[in-house]
Amino acid sequence: MKFRNKIMTFTAAAVLLGCTAIAAAPFGDDDSVGYAKDLWALMVKHNLAGKDAVMTRPYTGMPPHGMILELLEQKVTLRGVTGDLVVKRNYGGDGLMIGDVINNPDQYLQAITVMFRREAGYDSDNRDWFYAKYAPDGSLMNNPKGMALAGRVAKGMPTGCIACHQGAEGGDFIFNHDRYK
């Protein structure tokens, strides 16, 4: 009887631990959402987002980001961690041309997608990148299941931020260059 009780106790503990591990989402949790809000405020402060954001030369993009894109990169410090910040402004619209975005960026801005290199160990499998997708007003966007797109977005899934960026040449998860090895 004692042996059976030990087995039942061990099994119950294993189930509880397993449920806890399953319940911990790699993205969209309160910590990731709070971090993303702090990151947005930092981007606004550095004129990388918001109404006073600097504009760069737009270029032709591709899905899933947008038909026209802008890319900004800067080293920033957030919560005591200095890391590489990659900001991509995603523009879209029927027949959109680069000149349209230059002349009226607010009309065509659909999303701002961000990668920030966090502290070592945050997500070692994926070069410690934190991902977020914001609406033009700075609110976080959600996936079709309603999860906020902030954190280790789509970690372990066949599609999404991490799955796509793992395929970038050079191993730094960036498609335009190989600076962040």
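**Figure 1. Pairing of strands 1, 2 and 3 in the predicted model.** Strand 1 (residues 59-60) runs antiparallel to strand 2 (residues 68-78), and the two are joined over 2 bridges. Within this pairing, Tyr59 stands opposite Leu69 of strand 2. Strand 2 also pairs with strand 3, again in the antiparallel sense, over 11 bridges. Gln74 has Leu85 of strand 3 as its bridge partner. The hairpin of strand 2 and strand 3 has 2 residues between the strands, and Arg79 in this hairpin adopts a positive phi near 55 degrees.

Figure 2. The side chain of Asn90 forms a polar contact with the side chain of His65, at 2.9 Å. Beyond the residues up to four places away in sequence, Asn90 touches His65, Gly66, Ile68 and Leu69, as well as Tyr108, Leu109, Gln110, Ala111, Ile112 and Thr113.

**Figure 3. The aromatic pair of Tyr35 and Phe116.** The structure contains 4 aromatic pairs. In the pair shown here, the ring centres of Tyr35 and Phe116 are 6.4 Å apart and the ring planes meet at 35 degrees, so the arrangement is tilted. Because Tyr35 is located in helix 2 (residues 30-45) and Phe116 in strand 4 (residues 109-117), the pair ties together parts that are 81 residues apart in sequence. Both Tyr35 and Phe116 are buried.

**Figure 4. The aromatic pair of Tyr35 and Phe130.** The rings of Tyr35 and Phe130 have centres 4.9 Å apart and planes at 55 degrees, so this pair is tilted. Tyr35 lies in helix 2, whereas Phe130 lies in strand 5 (residues 129-134); the pair therefore ties together parts that are 95 residues apart in sequence. Tyr35 is buried, with a relative accessible area of 2%. Phe130 is likewise buried, its relative accessible area being 0%.

**Figure 5. The aromatic cluster and the arginine residues over its rings.** One aromatic cluster is formed by Tyr35, Phe116, Tyr122 and Phe130. Arg118 is placed over the face of Tyr35, at 3.8 Å from the ring centre. The ring of Tyr122 has the charged end of Arg152 over it, 4.0 Å from the ring centre.

Methods. Residues numbered from 1 in each chain as written. Predicted model: local features only at pLDDT ≥ 70, side-chain atom pairs only at ≥ 80, totals over all residues. Heavy atoms only, no water. Polar contact = N/O pair within 3.5 Å; in protein donor to acceptor, adjacent residues only side chain to side chain. Contact = heavy atoms within 4.5 Å. Pairing = 2+ DSSP bridges. Helix = DSSP H or I, 4+ residues; strand = E, 2+ residues; numbered from the N terminus. Phe/Tyr/Trp six-rings, centres within 6.5 Å; stacked < 30°, edge-to-face > 60°. Buried < 20%, exposed > 50% of the residue type's maximum accessible area, 1.4 Å probe, protein only. Lys NZ or Arg CZ within 6 Å of the ring centre and 35° of its normal.
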